[in-house]
2 protein chains.
Amino acid sequence: TLAPDSRPGTISSLQWVSRTAFCGELGPEDIGKRVQLCGWVALHRVHGGLTFINLRDRSGIVQITTIPDEFPEAYSVANKVRVEYVIAVEGTVRSRPSESVNKNMKTGSIEVAAEHVVVLNSVNRALPFPVTTADDVKDIITEEIRLRYRFLDLRRLQMQSNLRLRHRVVKLIRRYLEDVHDFVEIETPILSRSTPEGARDYLVPSRVQPGTFYALPQSPQLFKQMLMVSGFERYYQIARCFRDEDLRADRQPEFTQLDMELAFTPLEEMMGLNENLVRHIFQEIVGIHLPNPFPRLTYVEAMSKYGSDRPDLRFDLELKDVSDIFSGCSFKVFADVLEFGGIIKALCVPSGSEKFSNTSLKKGEIYNEAIRAGAKGLPFLKVIENGEIEGIPALVSSLQPSNREQLLRVCSAKSNDLILFAVGQPKVVNKILDRLRMFVARDLGLINQSIHSILWVTDFPMFEWNDSEERLEALHHPFTAPNPEDLDDLPSARALAYDMVYNGIEIGGGSLRIHKREVQEKVLGTVGVSPKQAEEKFGYLLESLDMGAPPHGGIAYGLDRLVMLLAGANSIRDVIAFPKTTTAQCALTKAPSVVDSQQLKELAFNNLDSS
Amino acid sequence: TLAPDSRPGTISSLQWVSRTAFCGELGPEDIGKRVQLCGWVALHRVHGGLTFINLRDRSGIVQITTIPDEFPEAYSVANKVRVEYVIAVEGTVRSRPSESVNKNMKTGSIEVAAEHVVVLNSVNRALPFPVTTADDVKDIITEEIRLRYRFLDLRRLQMQSNLRLRHRVVKLIRRYLEDVHDFVEIETPILSRSTPEGARDYLVPSRVQPGTFYALPQSPQLFKQMLMVSGFERYYQIARCFRDEDLRADRQPEFTQLDMELAFTPLEEMMGLNENLVRHIFQEIVGIHLPNPFPRLTYVEAMSKYGSDRPDLRFDLELKDVSDIFSGCSFKVFADVLEFGGIIKALCVPSGSEKFSNTSLKKGEIYNEAIRAGAKGLPFLKVIENGEIEGIPALVSSLQPSNREQLLRVCSAKSNDLILFAVGQPKVVNKILDRLRMFVARDLGLINQSIHSILWVTDFPMFEWNDSEERLEALHHPFTAPNPEDLDDLPSARALAYDMVYNGIEIGGGSLRIHKREVQEKVLGTVGVSPKQAEEKFGYLLESLDMGAPPHGGIAYGLDRLVMLLAGANSIRDVIAFPKTTTAQCALTKAPSVVDSQQLKELAFNNLDSS
């Protein structure tokens, strides 16, 4: 029995009850059973001279009843407890009177008649928000308060369920990779050396060697390549990564990747294995059946058709290059663009003529979207009956009938459709129309939520031009293998890289890697790393490529984002136990914080200028 | 077939061979089968006009033979490859001529007759040490070189096996905790806040809030307690932890813990679950059957009998307190010690009289051990025939016959035994005799390697006196629960703490935690944390204890050390893929390193004084 020698209602920490059952698992089959339960008071109410408690543990909730005549002490203790008290209850499972059966509750047909109730811990201050009764607390309470009292926030059903789902996803991934594909999990260092992944590193000053710093890894990229050179052949890790960036809604300073690398695995095998993995996850976790194989688009196709390298294909709305149609046209804006090497692309919005008024197209939200994406205006045409068009008069009048017909044909435009144009350099044009395409899809409700669009985008360019630094930089990272067909013109080569895109969100990305020293040297040279710098920063990589590096490649998935999508959460912070705020703070522990001057002194930071 | 359109001996990275078999898995049952293999040249020899290659992949090694007449190109390529080249081979499995059968090789009865051989990558510089042929390379090559070329070192069979064993251990742990005990794996932050665990923190300066720092966690202690307050009830994590300490042989700046925490779990259940886990690991990984239940010693017993809180019980050699026997004795050294409140303890070494000469006892290695442990000398007695003793004359003569008999009885000393003494304050006495006990056991070969000693040490004191800071400090950490029986005298209270000790090495340690705010405040006060400091550093913990914290507790295991023991390795560096050297450097990547001045500027480190 439960701590029989303790004073009523109290229990010492050596006498915690050994529970014999879980609240949420009790059912009619347990009627008559004597059970010991532990948990939190989820609800406390007095009704008809009796006290009822909803007791919550990790398995769910069960109703506790009191019998004042038979067990007056239990009744008395139960009467005094309040919501979120931690209690232990010993009692007997019995069926509820039929009028009390709660069909909305898993354990709604039974209750536990308490014979002993012991308070394990009480609540001694007002709770900042309710835990059990308000699962819409998110809409009432600011995220700041939720994060500040994360230990309470995580007690809510939604957060419990999010983090348990995260655990199930990771478990599934591990077992699939280990059991089906013989992967080895290997830990790589957190105290590591800066590698150029594009973002800012978090630095850790060394006490032993003043003036030097470890960097927290942005990814285990070079370590996993070293593991391939070491012959592990199939490595994976649920890897913690770090980026000191100004945060956006879906970024965190520390985040988690499913990181993997394989040797001797051709491109198709690599992509096939990863498709199987992701299909398995979606099937098992959310019952979504993804296609086999995944559709693919090359980077060039994706940019051409959707203006984006991570297109959302839950709806069509394909972009069309209509530069030819306007070649030699009299509309000055278009003519000028073409003359200076720009392009003209069109997005045809079905029935868009009715849905977007001329006013909104000239100064409404859709117009603002275009401007925010870098457009100088939003040229448009509306298709009226019989293939006639209307819109900016100069644009309408510039089109010969044959060109007009050609335009409508290319855009598959029908009566009442709206044609939006973007003009200029391809990069800007694509950016504008990508944004308009997404805006129109959301605004007109074109996104079918029951469709799940997954695809590979392949054949990325190796390099892109960085305007501000006036140099080529690696689009992925400089260890990505160029397509061997393109080696003669490396700066414009395609990479053997692949991104996995789900509903317009990149969930994973990877590549085959360079495994030949001479290729690696050329690629580093192309992004402006001198041989001396290469030797200094990547000497060990170059050396390893000279000592029997196998062909290899891999991929990394943003685990937080993947879990967010699977959980249907709106923010990655809702699938991370202790996330940072958008100012990179931990609202709970108040990290980062000031530290002891003695500690700084040891790090030779005494002259730290914090201005 | 294998890249048929490629030039002989070359292959492009788009045409990696899709392997159809693994080297080490081929056997007589595969004879006649056509296979495609990939791997490293482990051995290359020319014999009787033929070229033989031992091809190694992650599964093992198989012999490749050439048939110059039938497949001249394959022969020609095979002839040119060298050790550690990466190659692909297509060929047919056949049985070896009986005179070539190698019974020491798993695949020794078969070979693969090569029809195509393709070089995937070559070796273009002298290897710093051999990979396959010298698994005793450790004895030849300095660890510095091994770490410098870790990508080669990890290719050696021993290191492959160590890291694969590590993976198996982690896999086993995960599945046991998840499948048998319903634990949830939850990630806790790396960018966190300093908590007082006794060691120095690694700090990460914040760019967003200049002058403040994140600390890398020494353990996820407070986060896992927050998870208990959140109702997860059973949490585990394979957690990366960090300590900026001057390294000893078995320490690393970053290390890995198996970390777990449970709510509503009484002490006995906690220890039982962990015994089951560790028994399971030892049984499955190394076939060692550990006792059920594990033996236990209280801290007081362990210190009294073995002078250590992590005694190695593979041999006896119990210490005896013989202060009473020498009370009022004439030997000045002993008399003085007793007068000033010290104690006298003895260690009886069976047959030690013969094995340790008077000379070695007076200035040999055993004497030096005592001195290094803090002794001022090494008093001893040798038991000769008929219960007579010899040794330092003043000591021998100080003993009355009855006291002498009592001494021999208490020490169970027989003829030829040696009795070693340590005198002084208990702490020093225990330290000396612990060290002598271990020295004697090793020196005399008393450690039976087939015995596996595992035990719990319990009832640690909550606090110990820190001489240099002149204050009490927590022996474990200040979140450890005191034994409720001892609350009236907190400074001398026992803790509800438990360490697991295997063959004299602490492999895990934990405790029940404080879950009541008033107790937590008292304990923090006892170690000198003022209410203001407590609020500032642990405000969220105190708050959480007021909002429904359940009784909880947990344990953490040093995973690196545990794996080292299971692998029979001598150093934790041999079970870590990329360890740091004893100066906390990564010999491979050369971390820590100097960083860009621009990077430092952003962190307001421009005035960094690196003197």
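I started with polar contacts between chain B and chain A and got 72 residue pairs, both residues at pLDDT 80 or more. A polar contact here is a pair of N or O atoms within 3.5 Å; within protein, one must be able to donate a hydrogen and the other to accept it, and residues adjacent in sequence count only if both atoms are side-chain atoms. Helix α5 (residues 157-180) of chain B gives the most to the side of chain B that touches chain A, with 12 residues. Helices are DSSP runs of H or I with at least four residues, strands are E runs of at least two, and both are numbered from the N terminus.

A note on what I'm reading: this is a predicted model, where local features need pLDDT of at least 70, side-chain atom pairs count only at pLDDT 80 or more, and totals for chains, interfaces and linings use all residues. Residues are numbered from 1 along each chain as its sequence is written, chains are lettered from A and ligands numbered from 1 in the order in which they are written, and side-chain values use heavy atoms, with hydrogens and water left out.

Next, salt bridges (a side-chain nitrogen of Lys or Arg within 4 Å of a carboxyl oxygen of Asp or Glu). I found 26 of them across the interface of chain B and chain A. One pairs the side chains of B:R58 and A:E233, at 3.2 Å from N to O.

How many residues of chain B are in contact with chain A? I get 145, touching 145 residues of chain A; contact means heavy atoms within 4.5 Å. The copies meet through the same surface, because 100% of the interface residues of chain B are also interface residues in chain A.

Then I superposed chain B on chain A: a rotation of 180° with 0.0 Å of shift along its axis does it, RMSD 0.2 Å. The two copies are thus related as by a two-fold rotation axis. In chain B, B:V204 comes closest to the axis, its C-alpha at 2.5 Å.

Just after α6(A), A:G231 takes a positive phi of about 90°.

Key: Copies are superposed by least squares on the C-alpha atoms of residues with pLDDT of at least 70 in both.
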